[in-house]
Amino acid sequence: MTELEAPPGQEEHTWRPARFMVIAAHPDDADFGPAATASRWIDEGSVGWLVCCTSGDAGAEDPDTDPLELAALREREQRAAADVVGYEGVTFLHMPDGALVNDLILREHLVREIRTFRPDAVLATDPETLFHRDRGVNHTDHRAAGFAAVDAAYPVARNPMAFPWLAREGLAAHSVRRLYLFWSNTITVRVDISGTIDRKLDALRAHASQLKDFDRVERSIREWSAEVGKDLGVAAAEGFHLVVIDEDDEDEAEADGAGAAADAGELVESEAAEAGSTTGGRPGS
Ligand SMILES: [Zn+2]
């Protein structure tokens with residue numbers, strides 16, 4: 001790491017959580033999002049869990065589609081994709097597609113998931129992304145899931161008096177230490193995914209009901225990943241807006257050799273993050 005020479009986001013991000021949770025609005029979001037980073041971290045020894053707030057029951061062109069059948073199909077597709085990435089498990093919260101709201105009910109569900117799996121890092125859609133720059137509107141469910149994930153991770157999951165029945169049930173308070181926000185217009189860290197981009201594409205292939213023209217999807221994913229990787233000098237990268245809630249203690253940082261101390265500066269918004277992680281052209285749900 002040469003943090004004194006390179007602006008934030010223009011060096012490879014090497015910190016890795018022992019346990020991480022991806023929180024997404026719809027089946028396929030996690031695979032369009034951080035699937036290659038998740039695959040890499042899992043290959044290197046991390047344990048991951050995926051939470052889908054909805055089952056994508058509004059993701060079809062025909063208004064006569066049976067939403068329950070569609071939800072069941074999309075859950076099967078997402079489970080197959082999750083197996084490709086290597087998550088330990090998947091939870092579906094069965095919230096309504098297109099009507100996701102960052103309310104107490106959703107936050108309680110997410111706190112329950114966080115306190116059960118106890119991740120060091122939560123990966124979620126960046127709730128600050130209203131527009132993908134000038135290339136489209138970010139789906140309302142993506143924003144709601146992002147807000148709910150952030151609010152659940154901090155401060156609720158670590159506060160035993162929030163939803164106190166959870167702690168009384170035995171789900172003790174848990175501190176999520178980092179947020180990795182994807183589909184962000186403010187990329188501050190980049191993860192080299194040259195070795196796992198093909199796995200991301202394999203995971204995406206599992207969402208057959210959504211991706212009719214997979215060649216176009218593959219071209220887009222390779223183009224976006226190359227753009228984000230350009231400043232790193234790698235073939236492909238995924239970018240995140242990293243929020244460090246709790247710094248690692250030094251012993252731990254030295255033990256995992258991951259250069260966590262260097263990440264403090266990465267909180268600064270990167271003016272050089274011109275690549276963005278725009279998702280223009282991708283399905284809306
Ligand atoms: Zn979506």
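Asp-198 has a relative accessible area of 45% and is therefore partly exposed; the cut-offs are under 20% for buried and over 50% for exposed, with partly exposed in between (1.4 Å probe, protein chains only). The model is predicted, so local features need pLDDT of at least 70 and side-chain atom pairs count only at pLDDT 80 or more, while totals for chains, interfaces and linings use all residues. Residues are numbered from 1 along each chain as its sequence is written, and side-chain values use heavy atoms, with hydrogens and water left out.

**Salt bridges**

Asp-198 forms a salt bridge with Arg-222, at 2.8 Å from N to O. A salt bridge here is a side-chain nitrogen of Lys or Arg within 4 Å of a carboxyl oxygen of Asp or Glu. Arg-222 lies in helix 8 (residues 214-230) and Asp-198 in helix 7 (residues 197-205), so the pair ties together parts that are 24 residues apart in sequence. Helices (H or I, at least four residues) and strands (E, at least two) are DSSP runs, numbered from the N terminus. Arg-222 is partly exposed, at 34% relative accessible area. Both residues belong to a network of salt bridges that also links Asp-202, Arg-205 and Glu-218.

The structure holds 16 salt bridges. Three of them are listed here, including the one just described.

| Pair | N to O distance |
|---|---|
| Arg-222 and Asp-198 | 2.8 Å |
| Arg-16 and Glu-44 | 3.7 Å |
| Arg-107 and Asp-151 | 3.9 Å |

In the salt bridge between Arg-16 and Glu-44, Arg-16 sits in the segment before strand 1 (19-24) and Glu-44 in the loop between helix 2 (35-43) and strand 2 (47-54), so parts 28 residues apart in sequence are tied together. Arg-16 is partly exposed at 28% relative accessibility, and Glu-44 is partly exposed at 40%.

The salt bridge between Arg-107 and Asp-151 ties helix 4 (residues 104-117), which holds Arg-107, to helix 5, which holds Asp-151; the two parts are 44 residues apart in sequence. Arg-107 is buried, with a relative accessible area of 18%, whereas Asp-151 is partly exposed at 25%.

**Zinc site**

The zinc ion is coordinated by ND1 of His-26, two OD contacts of Asp-29 and NE2 of His-142, at 2.1 to 2.8 Å. Donors are N, O and S atoms within 2.8 Å of the metal (3.2 Å for Na, K and Ca); water is not among the atoms, so sites may look incomplete. Along the chain, the donors follow the spacing H-x2-D-x112-H. His-26, in the loop between strand 1 and helix 1 (29-32), and His-142, in helix 5, are 116 residues apart. His-26 is buried, with a relative accessible area of 0%, and His-142 is buried at 2%.

The angles among the four donor atoms run from 51 to 120°, and the site is irregular. Four donors count as tetrahedral if all angles lie between 85 and 135 degrees; four count as square planar and six as octahedral if opposite donors are over 155 degrees apart and all others between 65 and 115; anything else is irregular.

**Aromatic pairs**

A search of the whole structure finds eight aromatic pairs. Rings of Phe, Tyr and Trp (its six-membered ring) pair if their centres lie within 6.5 Å; planes under 30 degrees apart count as stacked, over 60 as edge-to-face and the rest as tilted. Among the pairs is that of Trp-41 and Tyr-180, with centres 5.3 Å apart and planes at 75°, so this pair is edge-to-face. Trp-41 lies in helix 2 and Tyr-180 in strand 5 (residues 178-182), 139 residues apart. Both Trp-41 and Tyr-180 are buried.

The rings of Trp-49 and Phe-117 have centres 5.6 Å apart and planes at 40°, so this pair is tilted. Trp-49 is in strand 2 and Phe-117 in helix 4, 68 residues apart. Phe-117 is buried at 6% relative accessibility.

Trp-41 and Tyr-180 are also part of one aromatic cluster with Trp-15, Phe-20, Tyr-87 and Phe-240.

**Backbone**

Most residues other than glycine have a negative phi, and most peptide bonds are trans. Tyr-154 and Pro-155 are joined by a cis peptide bond, with omega about 5°. Pro-155 is placed in the loop between helix 5 and helix 6 (164-168). His-94, in strand 3 (residues 89-95), has a positive phi near 60° and is exposed, at 55% relative accessible area.
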